[in-house]
Each structure stands twice: as C-alpha cells, then as structure tokens.
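Please keep the viewer open and try each task before reading its solution.

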Amino acid sequence: MIHVHSPSRSPTPFVPSTDHRLVLTSSKTLGGNPVFTWQDVVSDPANFKQPCKLAKNIPHSLQDYINRMDAWHRSLPGMRTVLEAAIGENTAEDEPNAPPISIVNNFDDEPCPPWEFYYTNFMWHDEGVPPPDMTGVKGCGCYPRCDPRNGSCSCLQKQRSWSGEFTPDFAYDSRGRLKYQNVPIFECNDMCGCDDDCRNRVVQHGRKCAVQIGKTKNKGWGVFAGPKKIYDGTFLGIYSGELLTEEVAEERGKKYNKFGRTYLFNLDFYFLREGKEKEEGKEEEWEPKYVVDAYHAGNFTRFLNHSCSPNARLNAVYINESNIDKPLLAIFACKDIEPGAEICFSYSGNYDDLEEQAERVVKGDAIYERCMCGAKNCTGTSIIVCILLVGLLNMAL
Ligand SMILES: [Zn+2]
Ligand SMILES: [Zn+2]
Ligand SMILES: [Zn+2]
C-alpha cells in the first residue's frame, strides 16, 4: 500500500515512466489517431501501478537537527510552532483538506512531544515487504458513484463476500461514517469508474475531523478531539509508519522492550487468522506477516493512548492493494466523542470479552504499568509495550 492514504485519486495517474508505462490496446481510431477509452486503460492493472515509499528513504534531516540541539533549545515554546508547521507541510499533499493539527499542553512547560519521528500519513516499505499489488484489484464500472442497492457493483460484491452477514451493503453510510466495526473494508480504488464523492471512498480522502495532540495529566502525550464533536463511525487516521516483515519487527521489539516503549502493531486480524486456519487447519502456527512501526515515522495516531473503554477502534482497510496480508490499520471513532475529549483505543485488540483480553495480555512478553485510563471496567494493567511477540492485536470478534 504505499500510497495508502491517498486523499484523492491522483488526477494524472498514468504518467509514463521507465517503470510505469501506460499499456493501451485500443484498435479504434478517430481521424487517424488511436482512441483510448477508460475500458482500455482498466483492462491492464499495470496501468495502475502504485507509488511505493521505501523505509530507507524516510526523510530524517529535520528531526536529526532538532535532536542535536541541547535540552534548553528543544524546550523553547517556539518548538511547538515548528512541529505544527512541519505536520502541515508533510501532509499538504495527501491531506490537503484536513483541519490542521495543533499541539496543546496545559500541564507543564514541555512545548511538544519528543521530535523523534517523521510526520507522515504514508506507509514506508522496509526490505522484504512487497510493494502494493494491483493484479488482483478489480474496479467497478459504476458512474458517477456506487449505489448500495446496485448488486452489479463489483466493490459491493467484494464487501459482501467478506462480511455479508455483517454488512449487507457498503461499510459506510451516506455521510462516510463506518456502519459496521470490525469487518474488513474494501474501498473503491483507482480502477473504479466512480467519482471521488462515491460513498465507498473514505479513508483514501484522509482525515476530515479536527484533532489535537495534547499532554495528559498522567499518561504523557495523547490525542484529543478538536472543537467539534466527532460522531461514531468517523474516520480519524491510519496508523502510518514503517511496514516491516515480522522477523525485522521482532528484533526491533526486543530493543524497544528494553527502553519501555514501542510503536509496533501487528497486521493481525481475525479474518486473516481464520483464512489461514481454513487453509491449513493450524491456528497456533499462524503468524502475522507484516508489522507497522510508528517509531521513526508516523502521524498523530502514534500518540493515541490505551483505554479499557475505548472510543476508537482499528479496522482493516484495502484500497489499491490486493495483498490481503497488507491492510491499512484505519482508526475510526466507535462512540460519539465530545469536543476536547481524549481519543483512545485498546492496545490489546478489539476484544469485547475483557477476560479473554486479560488472559492474552498475561501470556504476552509485554511491559506493563498501572493503567490510568480511568474506565469503569479498567483491568488495572496497561500494556505499554506489547503486541509484537505474541500477536496481541488479534481483532477477534
Ligand atoms: Zn461500484
Ligand atoms: Zn465507488
Ligand atoms: Zn468501486
């Protein structure tokens, strides 16, 4: 996925280059010139090759410069303005319509979170992680937009085939809010004929609601709703960062565990696990293939704190990607969130059964500390570092 979070479809996706040549097979002519139709273009997935950001190319000069400064300079109030500006600049291309992210601290003098990462909404592929695969992506021929009552829409058929009993139509309602949490979501893609305002295009348009990165009383930095209420089902952001193979992530996890902080998340969803079980009949041996690491690169979602009573959830979303092992981790509100309220999700997955959740946590090679989420059903321990070694992020229903 690479260009995962492309906010709007590129207006010129077919620029020929050495590795991306438009293949057209039209035999029609008009006035002696060849005539190409959308059907000609769609007939070859090679015309839709996606850009692939490589982890080795993550820009780092700015954060390196800041981190070389002494502590006094790093704590100057102006540092906040610089980080806010960097966030705006880094997302101007892929989230041009997103409300700017502001940084607030009502508790102490720290101007902004430690600037140890590159702010980005993209996925940066590490070695061994395949680029986005369009060969199995099918576009629907709907125009001007997909109709949830139109059974011939191939995107609707795909959504139903993966989650039929849960989602009789598209995952989103007409306002772009997620209707059904915890099912894989297949959005319309670059090969679809529908316009950008099709209801089945949400994550690809980026964040629409205002959020703030803010200091909390006793949980470090966190994420808060902006001045407007965020409604249940609203898309917040993708958990962006480096996309690693499981082997590389395991090595990194060992290091992160030593200093008590990690931003690793397995791409581990119940439907991936179940699919493998059906194939091989061996659930225990299933391992997620890829892991997102938001330590060196990421967006505001890397600051989301854990809650035992979360108001946001992770969902798997596919856009221009047919590799089922490489979903985007898309975060949606799962409750109405009042203006200024903290946004949290469960680090231990989307378990509704807290006992099962607690059991999985205990089994893990994780670092715990007293949970400060304050929820009535709080289990009292928070996994500060977890996930990687035991696949805790199993989004089982
Ligand atoms: Zn359609
Ligand atoms: Zn559509
Ligand atoms: Zn479509």
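The exercises below go from confidence in the model to its helices, its sheet and a few single residues.

**Before you start**

This is a predicted model, in which local features need pLDDT of at least 70 and side-chain atom pairs count only at pLDDT 80 or more, while totals for chains, interfaces and linings use all residues. Residues are numbered from 1 along each chain as its sequence is written, and chains are lettered from A and ligands numbered from 1 in the order in which they are written.

**Exercise 1. Find out where the pLDDT stays under 50.**

Step 1: Recall that pLDDT is the predictor's confidence in each residue, from 0 to 100. Its mean over the protein chain is 83, and 79% of the residues reach 70 or more.

Step 2: Look at residues 351-369, where pLDDT stays under 50. The model gives this stretch 35 contacts beyond four places in sequence, a contact being two residues whose C-beta atoms, placed from the backbone, lie within 7 Å.

Step 3: Residues 383-397 are also below 50, with 71 contacts beyond near neighbours in sequence. Where pLDDT is low, the predicted coordinates should not be read in detail.

**Exercise 2. Check the length of helix α6 and find what covers its buried residues.**

Step 1: Count the elements. The protein chain has eight helices and 20 strands; these are DSSP runs numbered from the N terminus, with helices being H or I of at least four residues and strands E of at least two.

Step 2: Work out the expected span, which is 1.5 Å times one less than the number of residues.

Step 3: Pick out Ala249, Arg252 and Gly253, which are buried. A residue is buried if 20 or more other C-beta atoms lie within 10 Å of its own, exposed if 12 or fewer, and partly exposed in between, with C-beta atoms placed from the backbone.

Step 4: The cover over these residues includes β11 (241-245), β12 (264-266) and β13 (290-293). After α6 comes Gly260, with a positive phi near 75 degrees.

**Exercise 3. Trace the open sheet of four strands and follow β16 through it.**

Step 1: The strand order is β7-β16-β17-β10, with mixed pairing; two strands pair if DSSP finds at least two bridges between them. β7 (185-186) and β10 (235-238) stand at the edges with a single partner strand each, so one side of each has no neighbour in the sheet.

Step 2: β7 and β16 (residues 312-318) run parallel and are joined by two bridges. Phe186 is opposite Tyr318.

Step 3: β16 and β17 run antiparallel, with six bridges between them. Here Val317 has Leu328 as its bridge partner.

Step 4: Seven of the seven residues of β16 are buried. Ala312, Leu314, Ala316 and Tyr318 point one way, and Arg313, Asn315 and Val317 the other.

**Exercise 4. Which residues have the most contacts inside the largest nonpolar core?**

Step 1: A nonpolar core is a set of buried Ala, Val, Leu, Ile, Met, Phe, Trp, Tyr and Cys residues joined through C-beta atoms within 7 Å. The largest one has 79 residues, and Cys146, Ala312, Ala330, Phe332 and Ile343 have the most contacts inside it.

Step 2: Its largest share, six residues, comes from β17 (residues 328-333).

Step 3: Beyond four places in sequence, the contacts of Cys146 include Cys140, Cys153, Cys155, Cys188, Cys194 and Cys198.

**Exercise 5. Locate the buried face of helix α5, then inspect the loops on either side.**

Step 1: In α5 (residues 154-163), Cys155, Leu156 and Gln159 are buried. Seen down the axis, the buried residues fall within an arc of 100 degrees, so they line one face of the helix; the arc is that of the directions from the helix axis to the C-beta atoms.

Step 2: These buried residues pack against β7.

Step 3: In the loop between β6 (123-125) and α5 lies Pro144. The peptide bond from Tyr143 to Pro144 is cis, with omega near 0 degrees.

Step 4: In the loop between α5 and β7 lies Asn182, whose phi is positive, near 75 degrees. Asn182 is buried, with 20 other C-beta atoms within 10 Å. Most residues other than glycine have a negative phi, and most peptide bonds are trans.
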